[in-house]
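Colleague: I would like to learn how to read a model like this one. Can we go through it feature by feature?

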Amino acid sequence: MVRACWSVLALWCLGVTLARGEGPPDRGFPGSAVDLTSAEVVVTPTRAPSNREDIAAAATVLTKPWLDTTPFADGHQVDDALRYVPGVQPSNLSSRYNHPTAQAVTLNGLGNRRTLVLLDGVPLNDGFGGWINWGLVANHIERVEVVPGGTSNLYGTWAMGGVINIITQEPGIRPGFSLDSQAGNLSSYQQAIAARYGSDRWRLQLGYRWFHTNGFIPVPAYQRGPVDKDNDSRHQLVTGGLTYFPNAASKVTLTGTFFREDRNFGTPISVARRIIGNASLTYTGELGWSDHWEAKVFSQWQTFRNATSQILPSPTVRLTEIPDRTQTIPSRDIGGSLQWTHRLSDQSRVLLGSDVRTIIGESIDDVFVVPAGRTTVSGQQLGWGLFGEWIVSPINGLTLTPSLRSDWWKNFNAQSEGPDGAVTRFRDNVVQVLNPKLAALYRITDRLRTGASVYQAFRAPTLNELYRGFNFGGLGFLPNSQLNPERLTGGDAKLEGELLAGKQVRWRLSAHWDEVKDQILFVSQSPFAVQRQNVGRTRSLGGEVDLSYRPSPLFSLNLSYAYADSVITSFPGNPAREGKRVPFVSRTQVTAGVTIGRPEILEVTVLGRYLSRQYADDNNQQPIADFVVLDASVQRAITKNIRLFLNGENLTDRQYVAMQTGSIKTLGAPLLVRGGVRMDY
C-alpha cells in the first residue's frame with residue numbers, strides 16, 4: 001500500500017515537472033467525446049461495414065476517445081467499461097478479481113452465456129465453457145460495438161442474446177511505440193508496452209502487458225475466518241500481429257497471443273492457473289466495385305488448472321481448509337469462416353457466408369476427499385453454419401434486411417472414466433436449426449429514425465454444461481448430459497434522433513421482448529447441490545432510454561436507464577419455480593457520466609451507476625447487488641504524446657454483495673485508486 005502511494009506520487013510529480021518545463025501542449029490529443037451511440041460505420045450488426053444510421057438494431061459503440069477518458073481504458077477492463085452501457089450486465093465482480101469460469105455478460109436480460117464476444121472477429125468466449133477471457137484483450141482498443149438481440153441469423157449458437165465486438169487499432173506506416181505505467185492501492189500495478197513498424201506493403205505490431213493486484217478479502221467480515229485471505233491475481237499477455245498488403249485491394253493479417261495468469265480466490269488452497277495461446281489468419285480482398293471477400297481461420301489451445309478446498313469445520317465457520325480436488329482442463333478450439341459480399345446496386349447488396357468451429361476438451365479431476373481418486377470426462381463439439389443476408393433500400397429512407405442461417409451442431413465422443421476404471425459413454429446429440437431474422441430501418445427525417453426486427457435464435461449447451469461438475473464454497477455444481485439446446489423467439493424496436501445545431505443532443509428509446517424455450521439454468525437439488533436443467537420457458541421484457549448531450553468540447557453528459565423483467569414463465573414438473581426471476585439479472589440499471597475540461601489543462605470524468613437487486617439462485621432466496629457506485633478519472637496531457645491520469649473506482653468504498661455461492665457471500669471490489677502515465681509516440 002505504501003509503495004503504491006509513493007509510486008503514484010512520483011508519477012504525478014514527474015508530470016508536473018515536465019508540464020512546467022515544456023509549456024502549453026498541442027491540442028492534437030484526442031478529445032473527450034462521450035457519445036455512446038455515434039460511429040459513422042459499424043461492422044457487427046451485418047458482418048460487413050454499414051452506416052450506423054442504416055442499422056435497425058439499437059447498437060452502441062464505445063469509442064476510443066470515450067474509453068480514454070474513463071478509468072477503464074486498459075484492455076482487460078472492457079467488462080468494467082461495459083457496465084456503463086444500458087442493457088449490458090457483466091458479472092458483478094470485475095474480471096480482475098473474479099474466477100475465470102464466472103466471467104460472463106448478459107444482454108437484454110437473457111442471463112449469462114448467451115452473448116458472443118469477439119476480438120477482431122475471433123470468438124473471445126471460451127469454447128469449452130462459454131466464459132469470456134477478458135484478459136486476452138490488449139490495451140490498443142479502437143472501439144467496442146454492442147449489438148443486443150438475437151443474432152444467431154449471422155453468428156450462430158454463441159450469439160443468441162447479441163454480440164459484443166472488440167476492435168483493436170491497426171498499425172500504420174509510421175514507426176512508434178506506446179507505454180502505460182500505473183500503480184495504486186491493493187498493491188495494484190500494470191506495465192504495458194507496444195511497438196509498431198511498417199511500410200506500404202507490410203506492418204508489424206508487438207505488445208506486452210504485466211498486471212498484478214493483491215486484491216481484497218472477498219468474504220464479508222461477519223462470515224470471515226482465519227482461513228480467508230486476499231484474492232490476489234497476476235497475468236502476462238504477449239501479443240503480435242503482422243499485416244501484408246499483396247496489392248492495393250487485398251490484405252493478409254496474422255495475429256498471435258500468449259496469456260498466462262495465476263489467481264487466488266480468497267483461501268490458500270483455492271487457486272487457478274491458465275495458459276492460453278491462440279493464432280488467427282485473415283484475408284480480405286476487393287474485386288472491383290462490387291465484391292468483397294473475407295476468409296478467416298483461428299485456433300486456440302488452453303490448459304486450465306483449478307484447485308478447490310473444503311472449509312472446516314463448515315463453510316460458515318471458516319477456521320481451516322483441506323484440499324478438495326484439482327481440476328485440469330486442457331482444451332482446443334479451431335474454427336474458420338468465409339464470406340462474400342456483392343453489391344448489386346447503390347441500394348442493394350447481398351452477403352453469403354459459412355463458418356465452422358470444433359472444440360475438444362476434457363476435465364481431469366484428482367479428488368482428495370472420500371471417495372478419492374481420479375475421474376476424467378471428455379467430449380467434442382462440431383458446429384457448421386451457412387448464412388445469407390440481403391440489405392436493400394426499396395424506397396428512399398427505408399432499409400430492409402432479411403437474413404437466414406442454417407446451423408448443424410453435434411456433440412460426440414463424450415465419455416467419463418471413474419477412479420475404478422469404469423467407462424460411461426454419453427449419447428451423441430445432433431441439432432439442426434434455422435434462424436431467420438427480418439429487420440427494417442426507416443429514416444423519418446434527417447434527424448429521426450425508427451427501426452424494428454423480429455428473429456429466432458438458438459444456443460447449444462457447452463461441453464462444460466454437459467459434462468463438467470465442480471465444487472465451490474461447500475456447494476456442488478452438477479452437469480447434465482441430457483441438456484437440450486435453447487430456442488429463442490423475440491423482437492425489438494427503437495426510435496432515435498438528434499436535436500439542436502450540430503447534433504448536440506442524441507437520444508434513443510428502445511424496447512425488446514424475448515421468450516426462451518428450454519433455457520439452461522442451475523436448479524437447486526438440495527442445500528448442498530445444484531444441477532443444470534432445461535426450464536420450460538423464460539421471458540424477458542424491457543427497454544432502454546439513452547441521452548447524450550455535448551454542447552462543446554469542454555462538456556459532455558450521458559444518461560441512461562434500462563429495464564429488464566426476466567422471469568421463468570413455465571417449468572413443467574417444477575411449478576414452484578414459475579414466476580421466479582432469472583438469476584443474475586437486475587430489473588433496473590441507471591448510468592450517468594459527465595466529462596468537463598480539456599486534457600491539455602485538466603479533464604475530469606465522473607461516472608455513476610445503479611444496479612437493482614438480483615438473485616444468485618433459482619429460488620430467489622439469495623439476493624445480491626442493489627448498489628450505487630461512483631468512478632472517476634482525472635487526466636492531463638502534458639505533451640501531445642504524454643498523458644498523466646489518476647483513476648478512482650468505487651469512490652465511496654461502497655460495500656455490496658456481488659455474488660453468493662451456497663451460504664457464502666462474495667463482496668464487490670472496494671475503493672481502488674491508481675495513478676500513472678501513458679505515452680504514445
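**Reading the model**

Modeller: Start with Arg47, which is buried, with a relative accessible area of 15%. Buried means under 20% relative accessible area, exposed over 50%, and partly exposed in between, with a 1.4 Å probe and protein chains only. The model is predicted, so local features need pLDDT of at least 70 and side-chain atom pairs pLDDT 80 or more, while totals for chains, interfaces and linings use all residues. Residues are numbered from 1 along each chain as its sequence is written, and side-chain values use heavy atoms, without hydrogens and water.

Colleague: Which residue forms a salt bridge with Arg47?

Modeller: First the criterion: a side-chain nitrogen of Lys or Arg within 4 Å of a carboxyl oxygen of Asp or Glu. Arg47 meets it with Asp355, the closest N and O atoms being 3.5 Å apart. The two are 308 residues apart: Arg47 sits in the loop between strand S1 (41-42) and strand S2 (50-51), Asp355 in strand S18 (residues 348-367). Strands are DSSP runs of E, at least two residues, numbered from the N terminus. Asp355 is buried too, at 14% relative accessible area.

Colleague: How many salt bridges does a search of the whole structure find?

Modeller: The search finds 44. Take Arg83 and Asp79: their side chains meet at 3.5 Å, N to O. Both residues are buried. Asp180 and Arg678 form another salt bridge, at 2.8 Å, N to O. That pair links distant parts of the chain, 498 residues apart: Asp180 is in strand S10 (residues 176-184) and Arg678 in strand S38 (residues 672-680). Asp180 counts as buried at 6% relative accessibility. Arg678 is buried at 17%.

Colleague: Which residues do salt bridges that share partners join into one network?

Modeller: The network holds Asp74, Asp79, Asp80, Arg83, Arg96, Asp180, Glu649, Arg674 and Arg678.

Colleague: What about a buried charge that has no salt bridge?

Modeller: Look at Asp492, in strand S26 (residues 486-499). For charge, Lys and Arg count as positive, Asp and Glu as negative; His and the chain ends are not counted. Asp492 is buried, and the nearest side chain of opposite charge, Lys437, is 5.4 Å away. The Asp492 side chain does make a polar contact with the side chain of Ser453, at 2.5 Å. A polar contact is a pair of N or O atoms within 3.5 Å; within protein, one must be able to donate a hydrogen and the other to accept it, and residues adjacent in sequence count only if both atoms are side-chain atoms.

Colleague: Now sheets. In what order do the five strands of the open sheet run?

Modeller: Strands of a sheet pair through backbone hydrogen bonds, either parallel or antiparallel. Here the order is S3-S8-S9-S6-S7, with mixed pairing. Two strands pair if DSSP finds at least two bridges between them. Strand S3 (60-63) and strand S7 (122-123) stand at the edges with a single partner strand each, so one side of each has no neighbour in the sheet. S3 pairs with strand S8 (residues 141-148) in the antiparallel sense over four bridges. Leu62 stands opposite Val144 in S8.

Colleague: And the surface: which residues make the nonpolar patch?

Modeller: Tyr197, Trp202, Leu204, Leu206, Leu242, Tyr244, Leu254, Leu281 and Val297 make a patch of about 810 Å². Strand S12 (202-213) and strand S13 (233-247) are the elements that give two or more residues. S12 provides the largest share, three residues. Patch residues have over 30% relative accessible area and no salt bridge; like charges are joined within 9 Å, nonpolar side chains (Val, Leu, Ile, Met, Phe, Trp, Tyr) within 5 Å. Areas come from the Shrake-Rupley method with a 1.4 Å probe; for residues, only the protein chains shown count as cover.

Colleague: Trp202 is in strand S12. What is the relative accessible area of Trp202?

Modeller: Trp202 has 34%, so Trp202 is partly exposed.
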